[in-house]
Amino acid sequence: MTLTLYCLALLLLAVSYAKDRENTKKSVIKAWNAFAGILPQILVILLVIGLTLALISPEKIDLLFGRQSGWFGVLAAALLGAITLIPGFVAFPLAAALYRHGGGVVQIAVFVCTLMAVGVLTLPLEIEHFGVRASLLRNGLAFLFSFGVAFAMGGILQ
Amino acid sequence: MNSVVRRYRLFLLLALAQVVLSLWQPKMGAKAMSVSWQNFLEMVTIIPPIFLLLGLFDVWVPKKTIIRLLGERSGTTGAMLSLSLGAFSAGPLYAAFPVAATLLAKGCSPFNILIFIGAWSSIKIPMLLFEASAMGWRFMASRLILNIPGILIIAFIVSRAAAPYPATDRPADYHRC
């Protein structure tokens with residue numbers, strides 16, 4: 001996937017350069033400025049991910065996700081998913097392990113849903129581009145909707 | 001120089017926190033560092049091509065093309081195109097906002113931009129494949145099918161109640177509650 005992106009970017013950059021050198025220079029400068037603009041926020045996000053994953057161990061997460069954890073477990077899983085930002089290559093193996101160790105479908109599903117759709121950590125960045133109202137509303141609705149999806153999945157998969 | 005420090009002050013603070021954690025709890029500190037480093041590597045590999053493409057897009061694609069494909073009058077085709085654009089993307093959510101901001105400036109409608117963000121966050125194809133291999137096809141497919149109407153409903157409500165604006169014409173209270 002990443003390789004495809006690189007090939008595509010380099011190919012188009014070459015085509016662009018062949019057609020118009022000035023425009024190409026402008027586009028690279030724009031790319032750099034956009035990158036430099038969000039770099040501080042991205043670095044903060046990366047460090048917070050590191051700190052949270054170090055402080056919250058998988059064993060502690062395990063307690064939240066049991067089938068017996070009920071409503072409290074569902075709510076805790078949803079909040080955990082909303083405030084943390086765990087990349088997919090870490091989150092899915094973790095979720096799969098929780099599932100095998102007796103985690104509830106609803107708890108795991110709501111965690112996966114809020115993890116993806118709700119981003120408390122990326123909220124400052126979202127507000128910068130989309131404004132306060134749109135960002136809060138989008139994240140709030142996504143949080144609520146995750147419960148609907150999770151309970152429906154519980155019904156389908158159990 | 002001062003402004004650089006100001007822009008990175010939160011980063012420096014957190015970096016200090018990781019150093020303190022490493023001194024106080026070496027095992028936890030090492031974990032934090034290794035996770036941060038892993039994510040940093042993911043970021044530096046995937047971000048450059050996305051931003052290069054974004055720059056090229058900004059310079060080469062005319063505004064009227066985006067208005068035609070994704071603007072207010074683009075209808076169902078525009079919505080489907082936005083959903084696919086988000087789903088076929090790669091990279092973490094924080095990379096989606098600059099892309100969305102550029103599309104918005106080019107004339108993409110608020111409804112479509114919110115569909116794009118929703119799809120990017122929840123139904124990215126590479127992520128779905130990974131999800132299916134970890135959680136099983138039934139888990140992935142049921143989440144996907146339930147999520148698509150959710151993305152559309154949320155995009156509809158947010159675009160009606162609090163549409164995002166492009167950088168050029170934002171209301172004064174845009175960044176305040």
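A polar contact is a pair of N or O atoms within 3.5 Å; within protein, one must be able to donate a hydrogen and the other to accept it, and residues adjacent in sequence count only if both atoms are side-chain atoms. By this rule, 1 residue pair (both at pLDDT 80 or more) is in polar contact between domain 1 and domain 2 of chain A. The model is predicted: local features need pLDDT of at least 70 and side-chain atom pairs count only at pLDDT 80 or more, while totals for chains, interfaces and linings use all residues. Residues are numbered from 1 along each chain as its sequence is written, chains are lettered from A in the order in which they are written, and side-chain values use heavy atoms, with hydrogens and water left out.

Domain bounds come from an automatic or database domain assignment. In chain A they give domain 1 (1-51) and domain 2 (56-158). The centres of these two domains, taken over C-alpha atoms, are separated by 30 Å. Contact (heavy atoms within 4.5 Å) links 5 residues of domain 1 of chain A to 6 residues of domain 2 of chain A. The two domains of chain A bury about 570 Å² between them, 75% of it on carbon and sulfur atoms. Buried area here is the accessible area (1.4 Å probe) that two parts lose on being put together, summed over both. A:Gln41, A:Ile45 and A:Ile49 supply 71% of the area that domain 1 of chain A buries against domain 2 of chain A. Chain B is divided into domain 1 (1-49) and domain 2 (61-177). Their C-alpha centres lie 29 Å apart.

Between the chains, 72 residues of chain A are in contact with 74 residues of chain B. The area buried is about 6800 Å², and carbon and sulfur atoms give 80% of it. In chain A, the residues that lose the most area to chain B are A:Leu47, A:Met116 and A:Phe130, together 10% of what that side buries. The interface holds 8 residue pairs in polar contact (both at pLDDT 80 or more). It also holds 1 salt bridge, defined as a side-chain nitrogen of Lys or Arg within 4 Å of a carboxyl oxygen of Asp or Glu. A:Lys30 forms a salt bridge with B:Asp58, with the closest N and O atoms 3.2 Å apart.

B:Met43 touches A:Phe35, A:Leu39, A:Ile42, A:Leu43, A:Leu46, B:Pro48 and B:Tyr94, not counting residues up to four places away in sequence.
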